[in-house]
Amino acid sequence: MLKRGLIFIYALVLFTLVHVKAQEKGGVIVTKDSLITQLQNFRAAMGINPVESKTTAVPSKPVVRSAATRIKVRGFRVQIFAGSSRNQAFSEQTRFRGMYKDVDTYITYDEPNYRVKVGDFRSRSEANAFMRELRQYFSNVFVFSESVFVYQ
């Protein structure tokens with residue numbers, strides 16, 4: 001028991017000395033684990049909280065829907081309504097379609113709530129920008145990650 005107490009006291013004194021010495025130098029030493037970089041690269045490759053690109057991307061040509069194929073990929077949608085009233089869900093969908101005719105809308109029912117989600121976005125940044133635009137027209141607007149339809 002005495003040995004454990006002495007070891008504990010020795011460790012505490014050593015920690016205090018190192019801490020005081022670091023404060024005397026006026027700085028803090030931060031050591032980055034190499035696994036953090038690997039994790040960031042993995043998350044960027046999988047599209048989970050992707051790292052913002054430093055380069056400017058050239059915008060691609062708009063896809064002509066009639067000549068393109070529709071595929072399902074992991075992406076984002078903006079929810080504009082959640083509630084138990086079916087009539088109100090369809091009313092919100094109609095109101096949205098009146099403002100944005102070219103954006104697809106989806107109604108889902110998870111008992112007891114109806115949800116109206118809009119858009120098919122490949123990136124969270126696109127969905128967030130659209131969400132900020134919709135906040136002036138709809139309350140309780142959120143971005144959700146789910147399978148979306150895109151044209152190629």
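Reader: What share of the contacts in the chain with a separation of 6 or more is accounted for by residues 24 or more positions apart?

Author: This is a predicted model, in which local features need pLDDT of at least 70 and side-chain atom pairs count only at pLDDT 80 or more, while totals for chains, interfaces and linings use all residues. Residues are numbered from 1 along each chain as its sequence is written, and side-chain values use heavy atoms, with hydrogens and water left out. A contact means heavy atoms within 4.5 Å. Among contacts with a separation of 6 or more, the share from residues 24 or more positions apart is 71%.

Reader: Which pattern does the chain follow along the sequence?

Author: Helices (H or I, at least four residues) and strands (E, at least two) are DSSP runs, numbered from the N terminus. The chain has four helices and four strands. Read along the sequence, their pattern is α-α-β-α-β-β-α-β.

Reader: Is glycine 75 buried or exposed?

Author: Glycine 75 lies in strand β1, and its contacts beyond four places in sequence include Phe121, Phe144 and Glu146. Buried means under 20% relative accessible area, exposed over 50%, and partly exposed in between (1.4 Å probe, protein chains only). Because its relative accessibility is 2%, glycine 75 counts as buried.

Reader: With which side chain does the side chain of glutamate 146 make a polar contact?

Author: Glutamate 146 is found in strand β4, residues 142–151, and its relative accessibility is 17%, so it counts as buried. A polar contact is a pair of N or O atoms within 3.5 Å; within protein, one must be able to donate a hydrogen and the other to accept it, and residues adjacent in sequence count only if both atoms are side-chain atoms. At 2.7 Å, the partner of the glutamate 146 side chain is that of arginine 77.

Reader: How many residues has the largest nonpolar core?

Author: A nonpolar core is a set of buried Ala, Val, Leu, Ile, Met, Phe, Trp, Tyr and Cys residues joined through side-chain atoms within 4.5 Å. Val118 is among those with the most contacts inside the largest core, and valine 118 touches residues including Val78, Ile80, Phe96, Phe130 and Leu134. The number of residues in this core is 19.
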